[in-house]
Each structure stands twice: as structure tokens, then as C-alpha cells.
Amino acid sequence: MKSERYFFQTSQLQNLLDKLQDAGYTCVGPQVRDDAIIYDEINSVEQFPRGINDQQQPGSYSLNSNQSTKFFSWANGPQAIKPLLFTAKEKLWQSKQSTDGQITFKTCDPDPKPIAIIGARACDIAAMKIQDQHFLQQQFVDPYYKARRGNLLIIAVNCSHPADTCFCHSTGDGPFVDDGADIVLTELENGFLCEAQTSQGEKILHGLLLEDCKNEQLEESERIKSNASKQKRKLPEFDIKSRLFNELNNDAWHAIASECLSCGNCTSVCPTCFCHGENDVPELDGKSSAHFREWDSCFGQGHSYIHGITIRSQTSQRYRQWLVHKFSTWHEQYGRSGCVGCGRCITWCPVAIDVTESVAQFVDRRCD
Amino acid sequence: MINPNLNPYVPHEAIIVERIQETPDLFTLRIEFTDPEIRAACKFEPGQFNMLYLYGVGEIAISIVSDPLDCLIIDHTIRVVGRVTRGLANLKTGDRIGVRGPYGRGWPMLESKQKDIVIVTGGLGCAPVVSVINYIEQRREEFGRLNIVQGVKHSSDLIWKERYDQWRKLPDTKVLLAADVGEALWPWHVGSVTSLFDQLEFDPDNVSVMMCGPQGMMRVVCDHMLDNRVAESQLYLSMERNMQCAVGHCGHCQYGSNFICKDGPVFSYDKIRHLFETKGF
């Protein structure tokens, strides 16, 4: 559903947080911590990174104050929605063994606390829709992800200040949100354009002091969208999906591998990466054991281990696995590329490997 | 079939009804679910696998070797290689483990009816194809000529000698064994498994070739069969990768766009040919 667009004054932002809390939501929003924008519990608009801008380059991230009074004049931080739904580590179940040897299993139900995330970006929502496909729409449904997803309300804020590392415009995922949120906001000079995309979103929005939006405001929003679409980086325009798959033995993989540390930062910050490992942790008293899952990375030595063999022992094979999966085989799995153009893997790579350049080097020069 | 209303991550308790030591490092656990509802609902196909959970240690994917006619008692033949299998090896009859499954797509038994069958395994014996041989043994008249080929590095690596002797007695069945290195009194072929292929008896237009073992061996088998005009779609390979969740979520077993745990472990060659030639996939 798409409802009317309205306008509310900046002063209404705190009212939005209050209304969400009144409706039983824990608010999670952007704030500055450890020199980065992270998402955590938020109660007051004072906690938002107001007047802050992020400078992102391959291998570097820094925050600066700007003269703006805007709350959302930055692109993104290392994480957004993914850890709220697919948690970095969680207990799946617990087993107990009685003295006569019987084993009982107890499922650990995720805490069904309703969360409202404020300030999610178009790239984050595109990534969440991919993870929805992976965890909810295949042969097996992940009950942990499902419980959290059903309790998540999303108040997206359209992106006005993409970073140098962003390329969502070329993946078709941003900078503005098409669908998938409950409420979409666009921050203007004196307030916010707002639009509910679900009935839950509409209920919240109608608790605020809304004004009809004016033509100038819609024009201002269009200008923001147009400017935010002018991004420094983009994916190359050749058929990446087929091209990468046809170049599995290209020497370029070794060239990238000579830089890559195989550290897994890119997979940790990637909002679509879904790999995770499982392990059992026995209690010290020996009477029970907890079964956890934890994010894993295809860059790790153990990821491809099987009875004494590591299938991908070389960094070149691991980088190839990641890139070919993300941009090629992902299409067969989920009907689109696994990249939403958020640029996080570029920013947070300690050796500044730029994924758009990695892809671009596979351009078919014979066709030039 | 797996009940979609149950949490797919959580095992169910099963009891070991029998433990058979097959060789010094190979053993079979025959298990039965303790919950009558789970037990009654259990159905599996040759080539599918279960996740076995050793209390306090972890889970491991193990293929089912017993016949689907009896889904109440399920046999798993296990080699001692790591933490979980070493622990499982120490269990006795009456001990409890956790089990969830069955998972994956198994061998094409229905599609292979009335066809000649070639089964090729390499390395240290291969539980996934034992389920096929057992299945055909129980329904011998439903299939054409049966060829069982096993290659090992050293003649002392051959396990289940008496089973091969038993299979050799089945009607219309050929059992061919080869060891790269043969010791004294090794009565079978010394040399590569491929040098036995001339002795196979099958109609290339009406055959299912099922194989399991090291990828290099399977590649040689595929090449030979393709040279003999067997269609790619009639070559079936059981693939192995790291598996942790078995439900297509954890990502470890991805092979190209396939999740081996749910799209496999058995694939026809035409589905994976493009990956098969590339090391590290």
C-alpha cells in the first residue's frame, strides 16, 4: 500500500519516538559511538548524529561535524538492520542429559520484543528483502529470523548524502526507498516528508502533527533524490553475472588475493551475507549443553573444511567464492545480485579493496 | 518427511539399538527415534542423510545406508575422522544421541528402474552408494545389469570384503575391484580403477551411473562414460561439502548456486559440469 505524503516539522521527530514507544516498540536508531554511526536503542532525538557527516573512502571511515541542522546528513555505518534480524550470535537450543542417559532438547525462543528501527536506508531495506528470501521463503523457514522479522517496524530515511563508496543507484536499490518499509521519511530543511507504506506505519504516523505537503517540498525532495543519485562509484555495465562465471580461472583472482588479507571484514559488514556456523558449548557442570550459531565468513580457513580437506585453501579461491556468489550464482538462488551497493565492504576493507574495481577488471576486453 | 511445523534446527532424541564395528575405524550405528510420533513420521530415500548430534560436542552429516522399507530403524555407517565421529564411536547399544533429518535429494532410484546400473566408488569405501546397492539387492528384478566398481589406493584399504563377496552372488551382477597397490594374495586387479571399465556391461542408452568418492576419480568416470555415449543426465554424483545446518541456511555447502544439503547431495553431471572442472569450488 502507498498512502498520501505529508509533512511534519522537525519538532515532531521526538513525538515520533514517543509514539513508537507508546505503541510498545523499543526504538533503535543511529548514533555516534567509537567514531562511527551505529544503530542501538534510542530514546531521545538528542542521540541522533545531528550535524554529522561521514567521510568514506576505500579502507577509511571518519565523521565530521558540518554546519547542517539535519539529523540524517550522512550515508551509513558498518551495520544497520541485519544484526537485528540475523543476530551475530545466538543460542538455538539447549540439550540436557540425565543420569540415565536420556537427552532432552529445549528450543530457545527468540525474545519477541517489538523493535522500531529509525533511519534505515534504501540499501539496508533491499538487503533485508534478500535475507527475507533466504531465511523465510525457501524450503525451510528459520523460526528465529521469522520471530524477529514479524516484530520489526521500519522507519526508513531516504538517503541525501551518499558516501564516496556508495553505488546503490547503479544496483537499482537506492538512494530512495521504493517499498519494504513501514514509514519512509525524507529530511527537508525544516522538517520531514513522510509516507506510510503499511497500515502499522500509518497508525504511527497519524499520531503526529501532520501537515499537507506543498509543491515546493515535493520539489525539494526530488532535488535531493536527483543529487543523491549522482554517485561517484558504480558497477560496470557489462553482463557481470555471466562474465564472472566464465572467468573462474582468470589470473586476476591471484592479483586480488595478493592484496586481500582474508580477514572477513567485508562479509561481516555486508548486509546480505548469510553464512553462519554452529557449535555446541557444554556447561561446566556437564549437565547441559548450549547450541549456538554465529556469523561465519567464506574467507575463513574452516568455512570449506571437510574431513581433513580445505576445499578453498587459497585466498584467491575464497575471494572468488565471495565475489562470484555475490554477483553471479546469487542470481540463480534469489533472482537478483546479492549486492545492494551500500559500499560497506569497500570502506571497511583494511587494505582498501574496491569491489566495483574488482568486478570491473573482468570486462571483456576482446569486445572493446 | 520433515514436519514443517517443527523447528528444523532442533534434533530429536534417538536410541542406539545396535552398534556394529565394521573395520577398526568404521562402525555402523542403528538408531531409533524415542518419540513414537517422530519415529512414525520418518521416511527417507537412498542417498539422503541425517544430522547426528553427540551430546555436548556437536552435529555431523551422515548418510543413511539402510533400506527405506524399514524407516523405524535407521543405519548410519560412520568413519572416525574428527571430534564428533570419534565420540560417536565410543557409544554403545542403549546410548542416546540427537538426530534430525532426513535431508537432501538422494539417488534417482525410480528413474533408474529397468535400467542397467553402474556404481563406482573410490577411496576408502563410500556409505552413500551402499544404500543404493542394498536397495537394488532388495528389488533385484526391478533393475537391469548391476556393475559395482570399487577402487582403493592400497589393497588393505578395502573394507567390507565379505559384502563384496555377497554382492558378487547376486544375479546379473558384476563386482570389480582394483587397488593401485596390491599386496600378496590380493585376488583382484592391480592398477587404476579405469582400467576395469572395459569389463563393464551396460547399454549406454539405458544406464544410470552412480558414483561417490574423490572428485578426481569421479571426473575420470564421467569422461569415460561420456566417451561411451552415456548422456550427461544419466551420470549421478554424490557431492560432499562442509554442512552445518542441513537446511540451506548456513552457506557452507554452497556449490555454485546449489546448496548441497538441499539441492543435493546427489546431482546429475549436467547440473554441475561447469563447476566440476574448477578447483576450489
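Author: A residue counts as buried if 20 or more other C-beta atoms lie within 10 Å of its own, as exposed if 12 or fewer do, and as partly exposed in between. The model discussed here is predicted.

Reader: Why is Ala352(A) called partly exposed?

Author: Ala352(A) has 13 other C-beta atoms within 10 Å. Exposed needs 12 or fewer, and buried needs 20 or more. Ala352(A) is therefore partly exposed. The residue lies in the loop between α12 (344–347) and α13 (355–360) of chain A.

Reader: Is Ala246(B) buried or exposed, and how do you know?

Author: Ala246(B) has 26 C-beta neighbours inside 10 Å. The cut-off for buried is 20 or more, so Ala246(B) is buried. Its place is the loop between β12 and β13 (254–255) of chain B.

Reader: What makes Ser288(A) partly exposed?

Author: The count for Ser288(A) is 16 other C-beta atoms within 10 Å. That lies between the cut-offs of 12 and 20, so Ser288(A) is partly exposed. Ser288(A) sits in strand β14 (residues 288–295) of chain A. Leaving out residues up to four places away in sequence, Ser288(A) touches Gln94(A), Ser95(A), Lys96(A) and Glu283(A).

Reader: What does Ile119(B) touch?

Author: Its contacts include Val129(B), Val132(B), Ile133(B) and Met210(B), not counting residues up to four places away in sequence. Ile119(B) is also among the residues with the most contacts inside the largest nonpolar core, which has 176 residues. Helix α3 (residues 122–136) of chain A gives the most to this core, with 8 residues.

Reader: What makes the bond between Gly101(B) and Pro102(B) stand out?

Author: It is a cis peptide bond, with omega about 0 degrees. Most peptide bonds are trans. Pro102(B) is in strand β6 of chain B. The bond from Gly264(B) to Pro265(B) is cis too, with omega near 5 degrees. Pro265(B) is found in the loop between α6 (260–263) and β15 of chain B.

Reader: Which domains does chain B have, and how far apart are their centres?

Author: The domain assignment gives domain 1 (12–103) and domain 2 (116–276). Their centres, taken over C-alpha atoms, are separated by 23 Å. The contact takes 17 residues from domain 1 and 18 residues from domain 2 of chain B.

Reader: How many residues of chain B are in contact with chain A?

Author: Chain B has 33 residues in contact with 41 residues of chain A. On the side of chain B, 10 are nonpolar, 16 polar and 7 charged.

Conventions:
Residues are numbered from 1 along each chain as its sequence is written. Chains are lettered from A and ligands numbered from 1 in the order in which they are written. This is a predicted model: local features need pLDDT of at least 70, side-chain atom pairs count only at pLDDT 80 or more; totals for chains, interfaces and linings use all residues. Helices (H or I, at least four residues) and strands (E, at least two) are DSSP runs, numbered from the N terminus. Two residues are in contact if their C-beta atoms, placed from the backbone, lie within 7 Å. Ala, Val, Leu, Ile, Met, Phe, Trp, Tyr, Cys and Pro count as nonpolar, Asp, Glu, Lys and Arg as charged, and the others, Gly among them, as polar. Domain bounds come from an automatic or database domain assignment. A nonpolar core is a set of buried Ala, Val, Leu, Ile, Met, Phe, Trp, Tyr and Cys residues joined through C-beta atoms within 7 Å.
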